[in-house]
Amino acid sequence: MIKEKTIQEKIKEWEVADLPEGLRLEFANASQDKLEDAFYQDLNFGTAGMRGLLGVGTNRMNIFTVAQTTEALARHMEKQGADAKKRGVAISGDSRINSELFKKVSAEVLRAHDITVYLFNGPHPTPELSFALRHLHAYAGIMITASHNAKEYNGYKLYGEDGGQLPPKPADEIVEERNAITDIFHIKQVANGIKKIGADIDKAYLEQIKTITINPDLIKKWGDQLTISFTPLHGAGGDLGVKALKQAGFNKVLVVKEQFAPDGTFPTVKYPNPEFHEVFKLSENYGAEIELAVDPDSDRMGVGYKGSDGSYHYLTGNQIAALMVNYILTAQQKAGTLPANGAIVTSNVSSNLPELIAKSFKIKQFTVLTGFKYIADKIVEFDEKQNHTFEFGFEESYGFLIKPFVHDKDAIQAITLMSELAAYYKDRDMTIGDGLDEIYAKFGAFAEQSKATEFPGEKGQEEMTAVMTKFRNQGPKEIGNIKIKVVEDNDLRISKDLTTGATKNISLPAANVIKYWLEDGSWVALRPSGTEPKLKIYIAAKGQDMQAANQQLAYLEDQLSQLLKK
């Protein structure tokens, strides 16, 4: 068994190491507190790989931690045999600081093991990497991105041969390999034999994007009239996003030019996150009927629309999903293409409204854990068993997938479908908001919210663990004046009815999630993030109308906040 190094042992190793000038200066000028935070752990490998602050240390994203993880992947692949090495690894990255450098390091570490490497030339979206893996029949993929985090972050996602994020078993094996690499400063790198890709994959991917369109006649009617603003938020999705919309037939795409060029400093936004309404501030100047924003690696999409009063309104991820499910199934039913064995897949902290919509079309709904790899696993299962046709997958955190030629959330697909959806309501002389009200009138009004509380550093991790332990061992029996009916503890994989005391097993894999179902049909859930030092809190309320649902949501938020402070 390898002895774990102390913080001071790690610091001393870095003190004598041959560091690049930027890291050397940062190390020399760092306070003791900053050094301890940078070295108290190795960068965590969570639900979608590793993500962290750029900088010096084992708990930071830098050329050494990237090389170490890539070396672990290479050693893992060698154990899988010659075929895995020959099929190789596709590597991509977004526009973030050091993404190109980390791509290069990863490629050269793999080449030192004589592993085939396909390296994307310049920034490209995450979903395109997922597509490329299956298109190239590669064994694995690396995506350098920190998704929607602030500019100080970068990250490293690992993908499997199916195009989905790496499942737990191989991920654990790679983490074991990583832990066995004690000298991260002398990992061999070879620059020769790297295969460059880019335009060829763009072309093949865009060809598949054509299949997103359900009603081309609708777009033909409104494509020259519907105004769409589009911003990639300084990320990798600008060119592909515009091409996807144009080839679908949308000819009034207004590019938010201030945010179009790739730029890892994200000069116009603090957080390049499309779930934050402030990222649309510049978009509003373009006066479009619908506003579309994607995050830097183009796997999440946010939506705004111009109301009848001329003001802009912004949708939650759950609302977008409800609209999409309703439109897909409605349009397919009208076209006679609705499959008898269709299915949608949603995460266990997402809205229940899409499930109700799906059931009204006799379409089955499956619930999985948070993490799009679990949705990808369902797609693979459907393919193997030929028992269901994948119709839609989503997570409330603005991640959507329409067609399974990608096995991850895909904002390029999403903006294409969302534009067709807007044309559908325009054809009916309605706004997107009117369409949402129509859905609420039929299925009931749903109001959902997710919040994240940061717990930075080693102490923060301990505090977050303590919160989850308290709720797990001494959980509440009510939230405010509403009794809790059922407690689902995904870590224990047990669901308990507090009224009868009856328990049953949860079929989902173990995960650190606690969900409380209330007597009125509302629910709340707590889940530590797998990629960031944050505790995520989810609240869902239902009412006869949106006013009632929002009032209930505000009440539950206040009561839960009080519980968390105790």
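Helices (H or I, at least four residues) and strands (E, at least two) are DSSP runs, numbered from the N terminus. Axes are lines fitted to C-alpha atoms, for helices over the stretch in contact, and angles between N-to-C directions run from 0 to 180 degrees. The model is predicted: local features need pLDDT of at least 70, side-chain atom pairs count only at pLDDT 80 or more, and totals for chains, interfaces and linings use all residues. Residues are numbered from 1 along each chain as its sequence is written, and side-chain values use heavy atoms, with hydrogens and water left out.

**View 1. Helix 12 crosses helix 15.** Helix 12 spans residues 317-335, and helix 15 spans residues 411-427. Their axes come within 10 Å and cross at roughly 70 degrees. That makes helix 12 roughly perpendicular to helix 15 (under 35 degrees counts as roughly parallel, over 145 as roughly antiparallel, 65 to 115 as roughly perpendicular and the rest as oblique). Helix 12 makes the contact (heavy atoms within 4.5 Å) through Ile320, Leu323, Met324, Asn326, Tyr327, Ile328 and Thr330. Helix 15 contributes Ala414, Leu417, Met418, Glu420, Leu421, Tyr424 and Tyr425. By class, the contact has eleven nonpolar, two polar and one charged residues. Here Ala, Val, Leu, Ile, Met, Phe, Trp, Tyr, Cys and Pro count as nonpolar, Asp, Glu, Lys and Arg as charged, and the others, Gly among them, as polar.

**View 2. Helix 7 packs against helix 9.** The axes of helix 7 and helix 9 lie 10 Å apart, at an angle of about 100 degrees. That makes helix 7 roughly perpendicular to helix 9. On the helix 7 side are Pro127, Glu128, Phe131, Ala132, His135 and Leu136. They meet Ile201, Asp202, Ala204, Tyr205 and Gln208 in helix 9. By class, this contact has seven nonpolar, two polar and two charged residues.

**View 3. Aromatic rings pair edge-to-face.** A pair of aromatic rings is described by the distance of the centres and the angle of the planes. Rings of Phe, Tyr and Trp (its six-membered ring) pair if their centres lie within 6.5 Å; planes under 30 degrees apart count as stacked, over 60 as edge-to-face and the rest as tilted. By this rule the count comes to 17 aromatic pairs. In one of them, the ring centres of Phe131 and Tyr205 are 5.7 Å apart and the planes stand at 65 degrees, so the pair is edge-to-face. This pair links distant parts of the chain: Phe131 is in helix 7 (residues 126-136), Tyr205 is in helix 9 (residues 199-209), and they are 74 residues apart. Both Phe131 and Tyr205 are buried (under 20% relative accessible area; exposed is over 50%, partly exposed in between; 1.4 Å probe, protein chains only). Tyr424 and Tyr425 also form an edge-to-face pair, 4.9 Å centre to centre with 65 degrees between the planes. Tyr424 counts as buried at 18% relative accessibility. Tyr425 is buried too, at 0%.

**View 4. Trp14 belongs to an aromatic cluster.** Ring pairs link Trp14, Phe27, Phe39, Phe64 and Phe185. Trp14 lies in helix 1 (residues 7-16). Its relative accessibility is 1%, so Trp14 counts as buried. Leaving aside neighbours within four places in sequence, Trp14 is in contact with residues including Leu19, Val56, Gly57, Thr58, Asn62 and Ile184. The C-alpha atoms of Trp14 and Arg24 are separated by 9.0 Å, and the two residues are ten apart along the chain.

**View 5. Two lysines sit over rings.** A charge sits over a ring if NZ of Lys or CZ of Arg is within 6 Å of the ring centre and within 35 degrees of the ring normal. The charged end of Lys364 sits over Phe366, 5.2 Å from the ring centre. The charged end of Lys515 sits over Trp523, 4.1 Å from the ring centre.

**View 6. Ser147 and Arg493 have positive phi.** Most residues other than glycine have a negative phi. Phi of Ser147 is near 55 degrees. Ser147 lies in the loop between strand 5 (140-144) and strand 6 (153-159), and is buried at 0% relative accessible area. Phi of Arg493 is near 60 degrees. Arg493 is in the loop between strand 19 (482-489) and strand 20 (494-497), and counts as partly exposed at 35% relative accessibility.
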